[in-house]
Structure formats: structure tokens, C-alpha cells
Amino acid sequence: MTKKIEIFTDGSCLGNPGPGGWAALLSFQGKRKMIKGNTAETTNNRMELTAVIEALKALKEPCDIELYTDSKYVMDGAKVWMINWKKKNWMRNKKEPVKNVDLWQALDKRLQQHQVKWHWVKGHSGHPENEAVDTAAREQAELLRT
């Protein structure tokens, strides 16, 4: 039987670009685990993508995932845009490569290992898990502030 996992993710960046942090909360059978990290010079979109990638990397086997994010960029990219980008060899159009292609390719690889149902959550709206990962991601970015 495939494990059913809930994942909540968020990314944060101070300055955009600037120091950034990401966080993911994984929930399985009532147990929760927060994972998080940071990068010295990055963007908010890169941190949003990194949060999802790192959450999927943390799973040891294929899972059925309910994934919650406040990033339309990540959700729309994964569900809609990536299909065409792959057909066009990771180009947005004839002259413009996909931004953050390294992370999109890493996400694509991880998504192929799991069944993912995407959910968009309005950020800063009081959703408890979204608020928790938002706080953790922002704290990670703050650790690098000089």
C-alpha cells in the first residue's frame, strides 16, 4: 500500500535577490517533521522550488502526496508550464530559456516518483501549516542576514 503524505512548503527571500530560506512540513499518520535550509544569494522563486524538491527528496519510497503551497509559480509551473517546457527542450520560446531550469528539472525528476495532488493555499491567511513553514523559511533567511 502506498503511503499517504501531506506536505506543506514555503520559501522566503530577503531582498529578492538576497539571503533566502525554505521550509517543508511533512505529515504522515499524525507524525510531523519540519525540514528547512537556506542559501546566501537567491530569489523567492528559487526558495519556493527548493522547498518542494527537498520535501520530495526526503521521502524514501513512492508516495501519494497532498502538497500545499502558497506559490502559484511552483504549482502552475509543475502542473501546466513544465509540460510545454519539456516539449520545447526547456525553452519558454525560441530565444528564452526557462528561468531556474536546474530546479525545474530536479522537480520534474522527483515528481515522476510520486503521485502528487497540488493545493494552493493563500499565504498569510492564518492556515496553521502554511504559517508554520512561512515562519521557518523566514527564520532560515534571517540567519544569513548581515
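**Entry 1. Terms and model.** Helices here are DSSP runs of H or I with at least four residues, strands are runs of E with at least two, and both are numbered from the N terminus. I note that the model is predicted.

Entry 2. Most residues other than glycine have a negative phi, and most peptide bonds are trans.

Trp90 sits in the loop between α2 and α3, the latter spanning 101-111. Is Trp90 buried or exposed? I find a relative accessible area of 12% for Trp90, which is under the 20% limit, so I record this residue as buried.

I place Gln29 in the loop between β2 and β3. With a relative accessible area of 69%, which is over 50%, Gln29 goes down as exposed.

Pro17 belongs to the loop between β1 and β2.

**Entry 3. Ser71.** I then checked the loop between β4 (63-69) and α2 (72-87), where Ser71 is located. The relative accessibility of Ser71 is 5%, so I count Ser71 as buried. What does the side chain of Ser71 reach? I find the backbone nitrogen of Val74 at 3.0 Å from that side chain. Leaving out residues up to four places away in sequence, I get Glu48 and Trp120 as the residues that Ser71 touches.

**Entry 4. Largest pocket.** I looked up the volume of the largest pocket and got about 300 Å³. The lining is made of 14 residues, and those closest to the pocket centre are Ile5, Leu26, Phe28, Ala58 and Leu59. Which elements give two or more residues to this lining? They are β1 (3-13), β2 (18-28) and β3 (31-42). The most comes from β3, with four residues. I sorted the lining by class and have seven nonpolar, six charged and one polar residue.

**Entry 5. Leu59.** I followed up Leu59, one of the residues closest to the centre of the largest pocket. Leu59 is in the loop between α1 and β4. Its relative accessible area is 14%, so I have Leu59 as buried. With residues up to four places away in sequence left out, Leu59 touches Ile5, Ile7, Leu26, Ile65 and His114. I took the C-alpha to C-alpha distance from Leu59 to Leu26: 9.3 Å in space, against 33 residues apart in sequence.

**Entry 6. Salt bridges.** Side chains of opposite charge can pair when their charged atoms come close. How many salt bridges does a search of the whole structure find? I have nine. I went through some of them, taking each distance from N to O.

Lys4 and Asp64 form a salt bridge at 3.3 Å between their side chains. Lys4 belongs to strand β1 and Asp64 to strand β4, so this pair ties together parts that are 60 residues apart in sequence. Lys4 is exposed at a relative accessible area of 57%, whereas Asp64 is partly exposed at 25%.

Glu54 and Lys57 form another salt bridge, with 3.3 Å from N to O. Both are in helix α1 (residues 44-57), three residues apart, so about one helical turn separates them. I count Glu54 as partly exposed at 24% relative accessibility. Lys57 is also partly exposed, at 42%.

Arg138 and Asp134 meet through their side chains at 2.6 Å. Why are Arg138 and Asp134 separated by about one helical turn? I note that they are four residues apart in helix α4 (residues 128-143), which means about one turn between them. Arg138 is partly exposed, with a relative accessible area of 35%. Asp134 has 8% and is buried.

Conventions
Residues numbered from 1 in each chain as written. Predicted model: local features only at pLDDT ≥ 70, side-chain atom pairs only at ≥ 80, totals over all residues. Heavy atoms only, no water. Buried < 20%, exposed > 50% of the residue type's maximum accessible area, 1.4 Å probe, protein only. Polar contact = N/O pair within 3.5 Å; in protein donor to acceptor, adjacent residues only side chain to side chain. Contact = heavy atoms within 4.5 Å. 1 Å grid on protein atoms, 1.4 Å probe; cavity = no way out; pocket = protein on both sides within 12 Å on 5 of 7 lines; lining within 4 Å. Points joined across faces, edges and corners; volume = space filled by probe spheres on them. Nonpolar A, V, L, I, M, F, W, Y, C, P; charged D, E, K, R; others polar. Salt bridge = Lys/Arg side-chain N within 4 Å of Asp/Glu carboxyl O.
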